[in-house]
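Good morning, and thank you for coming. Please take a moment to look at the sequence and the model before I go through them.

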Amino acid sequence: MKTLVSQYHALDITDLIRGGYLYPFCRFEWVWRTTRDTLAATVAVTLLQDALQLVILTEAEPIRQEVRLTHSLNPRGGTRRWFSCPTCQRRVGVLYYLPSQLFRCRRCHGLAYPSQYPSKKHGHGRHHRVINHANRDRVQGQCD
């Protein structure tokens with residue numbers, strides 16, 4: 001079983017856009033907290049012309065990483081911003097981070113979504129239901 005995306009810290013381009021952080025030379029700190037509201041991780045972010053400069057603040061020594069930004073054209077005009085994964089160069093909307101590793105996309109980290117595995121709590125999960133058409137026709141015939 002693969003590790004789930006929910007076990008990593010996620011940096012989502014949509015959150016940065018909605019927060020108004022994607023303008024040239026903007027500087028801010030992105031903070032993740034645990035469920036008990038204690039500090040889990042902090043990343044200092046500086047937006048360059050076409051890249052994010054990330055400084056991962058660790059106890060030992062800050063780690064620097066640069067992530068390119070790219071865009072695609074929307075069918076009705078306008079553009080959409082994307083991260084370019086530092087490892088595979090794919091366009092992605094979310095980069096994942098674990099304190100022992102750098103930011104990378106879901107595929108490069110080998111992560112899976114929770115919905116890709118059947119739920120242990122709910123055995124029926126995402127199984128398809130089979131409709132017995134013969135039985136349905138018989139019921140309809142009785143109502144006529």
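Where pLDDT is low, the predicted coordinates should not be read in detail.

Two sentences on the conventions are needed. This is a predicted model, in which local features need pLDDT of at least 70 and side-chain atom pairs count only at pLDDT 80 or more, while totals for chains, interfaces and linings use all residues. Residues are numbered from 1 along each chain as its sequence is written, and side-chain values use heavy atoms, with hydrogens and water left out.

Over the protein chain, the mean pLDDT is 82, and 81% of the residues reach 70 or more. Where is confidence lowest, and where is it highest? The lowest mean, 41, belongs to helix H3 (residues 133–143), and the highest, 97, to strand E8 (residues 91–92).

Let me turn to the overall architecture. The protein chain has three helices and 10 strands. These are DSSP runs numbered from the N terminus, with helices (H or I) of at least four residues and strands (E) of at least two. From the N terminus on, the order is β-β-α-β-β-β-β-β-β-β-α-β-α. Of the 144 residues, 29% count as buried; buried means under 20% relative accessible area, exposed means over 50%, and partly exposed lies in between, with a 1.4 Å probe and protein chains only. The accessible surface comes to about 10600 Å², of which 49% belongs to carbon and sulfur atoms; the areas come from the Shrake-Rupley method with a 1.4 Å probe, and for residues only the protein chains shown count as cover. Among contacts with a separation of 6 or more, 32% are between residues 24 or more positions apart.

I now consider individual residues, starting with Ser 72 in strand E6 (residues 63–73). Is Ser 72 buried or exposed? Ser 72 counts as buried because its relative accessible area is 14%. Its side chain is joined to that of Trp 82 by a polar contact of 2.9 Å. A polar contact is a pair of N or O atoms within 3.5 Å; within protein, one must be able to donate a hydrogen and the other to accept it, and residues adjacent in sequence count only if both atoms are side-chain atoms. Beyond four places in sequence, Ser 72 touches Gly 78, Thr 79, Arg 80, Trp 82 and Arg 91.

Asp 50 sits in the loop between strand E4 (39–47) and strand E5 (51–56). With a relative accessible area of 47%, Asp 50 is partly exposed. Which residues does Asp 50 contact, leaving aside neighbours within four places in sequence? They are Arg 68 and Leu 69. The C-alpha atoms of Asp 50 and Val 67 are 8.9 Å apart, although 17 residues separate them along the chain.

Leu 98 lies in the loop between strand E9 (94–97) and helix H2 (106–109), and at 25% relative accessibility it is partly exposed. Its C-alpha atom is 6.3 Å from that of His 9, a residue 89 positions away along the chain. Leaving aside neighbours within four places, Leu 98 is in contact with Gln 7 and Tyr 8.

Next, a point on backbone geometry. Most residues other than glycine have a negative phi, and most peptide bonds are trans. Asp 37, however, has a positive phi of about 65 degrees. Asp 37 is found in the loop between strand E3 (27–33) and E4, and is exposed, with a relative accessible area of 55%. Gln 89 also has a positive phi, of about 70 degrees. Gln 89 belongs to the loop between strand E7 (79–84) and E8 and, at 47% relative accessibility, is partly exposed.

Thank you for your attention.

Key. Contact means heavy atoms within 4.5 Å. pLDDT is the predictor's confidence in each residue, from 0 to 100.
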